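Dear colleague,

Please find below the structure I am handing over to you, followed by a summary of what was found in it.

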Amino acid sequence: MAESLLQVTDLRTRFQTPEGTVHAVNGISFHINEGETVAVVGESGCGKSVSMMSLLRLIPTPPGEIYSGTAIYRDDDLLKKSEEEMEDVRGREISMIFQDPMTSLNPVLTVSRQLTESLREHLGLTQEQAEKRAVELLEQVGIPDPARRLGDYPHQFSGGMRQRVMIAMALSCTPSLLIADEPTTALDVTIQAQIVELVLRLRESLHMAIIWITHDLGVVAGMADRVIVMYAGYIVEEANVEDLYDSPSHPYTLALLAALPRVDRRRDQRLKSIPGAPPNLLVAPVGCPFVPRCEFVIEKCRRENPPLIQVGKNHSSACWVDVKTGAPR
Amino acid sequence: MTDAKPLVEVQELKKHFPVTRGLILQRKVGDVRAVDGVSFSIQRGETLGMVGESGCGKTTVGRTMLGLYPATSGEVVIDGDDIIHARGKDQLRIRRKAQMIFQDPYASLNPRWTVNSIVSEPMRVHKLFASEKERLERAKDLLGLVGLNRNLINRFPHEFSGGQRQRIGIARALASNPSFVVCDEPISALDVSIQAQVVNLLEELQDQFGLTYLFIAHDLSMVRHICDRVLVLYLGVMVELADRNELYEKPLHPYTQALLSAVPIPDPRKDRARKRTILTGDVPSPLNPPAGCRFHTRCPIAMDVCKHEVPVWREAAPNHWVACHAVT
């Protein structure tokens with residue numbers, strides 16, 4: 001057993017809005033081991049980003065509120081730390097990269113300025129040392145001619161190169177955990193492949209754990225060790241990557257995989273679409289949130305929301321029904 | 001494909017955007033050659049896929065074909081009519097037959113218009129019905145057709161989800177009874193579970209009305225699913241065109257091969273076992289495209305000749321066209 005790096009228990013986050021309370025994350029528990037890559041998969045509004053931002057305490061409060069849970073990172077509860085203590089965690093222990101590198105980089109500061117800031121802040125380097133380290137970092141993430149590019153502004157980089165700069169910033173203090181929030185969604189497949197390859201290479205050399213947030217079950221297959229599927233603020237399935245694709249055990253995972261066309265297969269029939277739309281999080285759900293879109297519904301589903309039930313080794317699914325037989329569990 | 005006359009014919013289409021310097025006296029300093037000589041045809045009832053990285057000119061081809069951008073040169077003939085050079089009433093008549101579905105269902109619907117105004121606007125433009133009442137009835141029918149409740153006709157776009165908005169966009173595109181629809185990344189902005197719904201709807205409508213689609217997308221898996229033939233663009237020029245299974249199983253151009261190998265497969269064993277060609281760098285600027293074969297700067301098998309000579313567009317196998325010096 002690898003050593004556990006982060007253990008999250010019963011995390012709940014909600015937002016107070018003029019329309020009412022948005023139940024974004026509804027009691028999720030999971031863990032990440034040292035050096036492990038875990039993918040968190042789900043559609044917009046499933047709580048995947050909010051839950052990870054809650055861990056880093058990046059939720060604006062108010063309107064947001066983390067109202068329950070613990071997140072034990074190396075013996076300390078992240079949710080109990082003060083703001084000053086969190087500043088030491090962010091960037092140094094846990095780093096995050098975001099979907100849109102253009103909006104996460106400051107357009108009026110040079111890349112040098114943005115890269116050296118955390119190096120001086122966290123590691124106490126002098127400006128000269130920090131710049132030297134910044135050049136090394138840019139080289140490490142595959143930016144050609146790094147010494148010259150250091151003085152450039154973000155708009156002078158292409159989308160893929162900007163994401164590399166973001167990765168360089170995230171890695172500048174060699175964190176133990178990298179949270180990547182849809183880092184390749186805005187990029188072309190060719191550039192996506194470059195970034196995935198880069199992250200995997202860095203994972204090997206730096207021994208980081210990675211949480212890769214995505215809506216794309218395709219990207220995940222090639223890179224993750226373990227997959228967590230989220231729906232409506234709940235974890236609905238969790239498994240090792242091969243088990244998840246071999247025997248998906250939650251109707252939602254099953255439906256998502258069936259709705260995906262395959263580049264490596266001839267078309268046989270129409271895609272199997274999932275009826276309806278993701279749920280409205282303003283209403284606290286009674287029963288299982290997937291009921292309106294599920295084809296396996298039994299009476300119990302409407303009354304009681306299923307907990308994660310063990311269905312195999314390191315494989316659990318929040319469903320009252322065995323999707324292979326259609327029989328209740 | 002059959003020998004019947006194609007519905008859509010594009011000949012040597014070019015679209016250059018001038019680049020200017022200076023605030024008052026604008027001097028032209030160059031051209032962005034977004035589309036630089038593209039020719040293809042689409043049969044009636046066929047779906048042609050157009051793929052390539054961002055900046056390859058795929059959206060510009062779609063927009064120029066419908067006259068949304070004035071073409072720099074070239075011909076576009078839709079159902080026997082020249083859409084590029086038509087003016088006035090003629091132009092309106094031809095445009096009725098060719099419509100567009102846009103990528104962003106949030107930006108492409110006017111937030112201050114009701115669904116009825118949005119969907120019946122093409123009927124008003126083309127004077128399709130005698131009265132507003134008839135148009136309203138037709139708009140309601142269209143809503144039903146795209147799987148929305150007829151009674152939602154007086155609602156505003158913000159009351160709908162992304163998938164529902166895209167359905168409204170589809171209803172609007174169909175309002176003038178077109179025979180040809182350009183679908184410009186119609187599902188990229190939608191959630192995975194909603195994408196299949198919209199793709200299936202597009203297929204049902206195609207069966208029902210015999211529609212012809214140009215399907216512009218960067219999701220190569222979806223393109224394989226929905227398209228009959230696929231055209232690959234790179235920096236404004238065509239690099240390969242073939243039937244879908246031929247293209248996905250026997251890609252000839254190194255660019256197509258690299259594109260396909262970059263698409264993730266939702267199967268861990270298969271995805272990890274496969275050989276990847278990872279392209280280095282980004283697409284060069286279309287302001288100053290590389291000489292010779294435009295792909296030579298990133299091509300893993302580039303030869304000397306590729307730097308100087310533009311490869312000829314030729315039929316390397318039956319119905320399989322490619323432009324590459326390395327393909328024999």
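How many residues of chain A are in contact with chain B, and with how many residues of chain B? In this predicted model, 37 residues of chain A are in contact with 39 residues of chain B. Helices H8 (189-206), H9 (217-223), H10 (241-246) and H11 (251-258) of chain A each supply at least two residues of the side that touches chain B. The largest share of that side, six residues, comes from H8(A). Sorted by class, the side of chain A that touches chain B has 17 nonpolar, 10 polar and 10 charged residues.

Within chain A, strand S3 (residues 37-41) deserves a separate note. Five of the five residues of S3(A) are buried, so the strand is largely enclosed by the rest of the structure. A:Thr37, A:Ala39 and A:Val41 lie on one side and A:Val38 and A:Val40 on the other, and both faces are covered. S3(A) runs parallel to strand S8 (residues 209-214) of chain A, joined by five bridges, and A:Ala39 has A:Trp212 as its bridge partner there. Four bridges join S3(A) to strand S9 (residues 226-231) of chain A, also in parallel, with A:Val40 opposite A:Ile228.

In chain B, an open sheet of eight strands has the order S6-S7-S8-S3-S9-S10-S12-S11, with mixed pairing. Its edge strands are S6 (98-101) and S11 (314-317) of chain B, each of which pairs on one side only. Neighbouring strands of this sheet are turned by 25 degrees against each other on average, direction ignored. Strands S3 (residues 47-51) and S9 (residues 229-234) of chain B run parallel and are joined by four bridges; B:Met50 stands opposite B:Leu231 in S9(B).

With kind regards

Methods: Residues numbered from 1 in each chain as written. Chains lettered and ligands numbered in written order. Predicted model: local features only at pLDDT ≥ 70, side-chain atom pairs only at ≥ 80, totals over all residues. Pairing = 2+ DSSP bridges. Axes fitted to C-alpha atoms, helices over the stretch in contact; angles between N-to-C directions. Contact = placed C-beta atoms within 7 Å. Nonpolar A, V, L, I, M, F, W, Y, C, P; charged D, E, K, R; others polar. Buried ≥ 20, exposed ≤ 12 C-beta atoms within 10 Å, placed from the backbone.
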